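Have a look at the sequence and the fold first.

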Amino acid sequence: MSTMKAENYYDVLQVDTACTSSEIKRAFRKKVKETHPDVYGVDGAEYERMHLLLRAYETLLDPEKRRTYDLTHAIHSDAFIFEYRTYLQSEPGNPEACSKLIFHDLLHGFKDDAVETYNRCMTDPEYSLDRWLDRGEYMDCVFLLAEALEERGDVYRAFSLFMEIVELEQEKPFFRHFFVEVAERVRRLISMKLASSLSKNGYLGCLERAAACNIQSRDTAYYLKRAAEIYCERGQLHTAAQYMEKAFELDPKLGGTKKIMDMLVRQKVPAKN
């Protein structure tokens, strides 16, 4: 692997001096995957490169630290030149141009425009965003798009996109240790937003999709418990009992189960705890 000779933090992350926070995060993720000692061993030079990446990332992501760094190192950020964006916008009927425009706009802070372009593209049943971006770009794009949809209250589509990342990550790791952020987004949506936004059937589908992936054992146990509660309400007690057994296997200390377990006991439906 080549040595990082440049101490300029923008060169270290290989980003433009006018880069956005999203570009910094994406560049950092990419460089960590190339450099992280967990992947390439415990060579001292690798640790040095990793520490340099962390310093660059922490400095450029913090607005005050970045401003101080730019002043100290006489770095001048030129305004973005959007000829490329103009070119992409000039081909609204071209699915490849539209896909690249969605990703470009998400990276550069044009979230409303990106969501609008995505919504327009999705009216075509044959449109597929992943067809026009490579796997890494696609997963980054989907994360940013899900984030933008969640901010706009479109929580079900945000959840669906986050879950797509989960399923792709389980096929072949890309986010690696950054994947915990995806898991946290899924957990927050399920525990705080989806139940009030969807029908019981819709919410149950989300719970079962997340549980099937078993992202983290404690989270999966919680999803199974919530699904079991819905099955209890429907009178499908044997299914509820099966879900509770699986939940306790994953998390023997799972809380908030007294009501559902009491109901199963009263109806003489066994569920091991």
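## Ground rules

This is a predicted model, so to speak of local features takes a pLDDT of at least 70, side-chain atom pairs count only at pLDDT 80 or more, and totals for chains, interfaces and linings use all residues. Residues are numbered from 1 along each chain as its sequence is written, and side-chain values use heavy atoms, with hydrogens and water left out.

## The big picture

The chain has 15 helices and zero strands. Both kinds of element are DSSP runs numbered from the N terminus: helices are H or I with at least four residues, strands are E with at least two.

The chain has 273 residues, and 46% of them are buried. Here, buried means under 20% relative accessible area, exposed means over 50%, and partly exposed lies in between, with a 1.4 Å probe and protein chains only. As for contacts, meaning heavy atoms within 4.5 Å, take those with a separation of 6 or more: 63% of them come from residues 24 or more positions apart.

Two packed helices are described by the angle between their axes and the distance between the axes. The axes are lines fitted to C-alpha atoms, for helices over the stretch in contact, and angles run from 0 to 180 degrees between N-to-C directions.

Start with helix α11 (residues 179–197) and helix α12 (residues 200–213): their packing angle is about 165 degrees, and their axes are 11 Å apart. That makes α11 roughly antiparallel to α12. The cut-offs for these words are under 35 degrees for roughly parallel, over 145 for roughly antiparallel, 65 to 115 for roughly perpendicular, and oblique for the rest. The two helices cross in a left-handed way, which is the name used if the near helix is turned anticlockwise from the far one by less than a right angle, with clockwise being right-handed. On the α11 side, the contact uses V186, I190, L194 and A195; on the α12 side, Y203, C206, L207 and A210. Sorted by type, the residues of this contact are eight nonpolar, no polar and no charged. In this sorting, Ala, Val, Leu, Ile, Met, Phe, Trp, Tyr, Cys and Pro are nonpolar, Asp, Glu, Lys and Arg are charged, and the others, Gly among them, are polar.

Now for α11 and helix α13 (residues 217–233), which pack at about 25 degrees with axes 10 Å apart. So α11 is roughly parallel to α13. This crossing is left-handed too. V186, R187, I190, S191 and A195 of α11 touch D219, Y222, Y223 and R226 of α13, a contact made up of five nonpolar, one polar and three charged residues.

## α13 meets α14

Which way does α13 run relative to α14, roughly parallel or roughly antiparallel? Helix α14 (residues 237–250) packs on α13 at about 165 degrees, with the axes 8 Å apart, and the two are therefore roughly antiparallel to each other. Their crossing is left-handed.

On the α13 side, the contact includes S217, T220, A221 and L224. Among their partners in α14 are L237, T239, A240 and Y243. The residues of this contact come to 12 nonpolar, three polar and two charged.

## Cysteines and a proline

How many disulfides does the whole structure hold? The search finds zero, where a disulfide would be a pair of cysteine sulfur atoms within 2.5 Å. For C98, the nearest cysteine sulfur is that of C121, 4.2 Å away. C98 is buried at 3% relative accessibility, and C19 is buried at 6%.

P92 is in the loop between α6 (83–89) and α7 (95–107). Leaving aside neighbours within four places in sequence, P92 contacts C98 and R120. P92 and C121 are 29 residues apart in sequence, yet their C-alpha atoms are 9.2 Å apart in space.

## A few residues to look up

D140 belongs to helix α9 (residues 135–151). D140 is buried, at a relative accessible area of 3%. Not counting residues up to four places away in sequence, D140 touches R26, R29, F103, F174 and F175.

R176 is in the loop between α10 (155–171) and α11, and is partly exposed at 43%. N214 is in the loop between α12 and α13, and is partly exposed at 35%.
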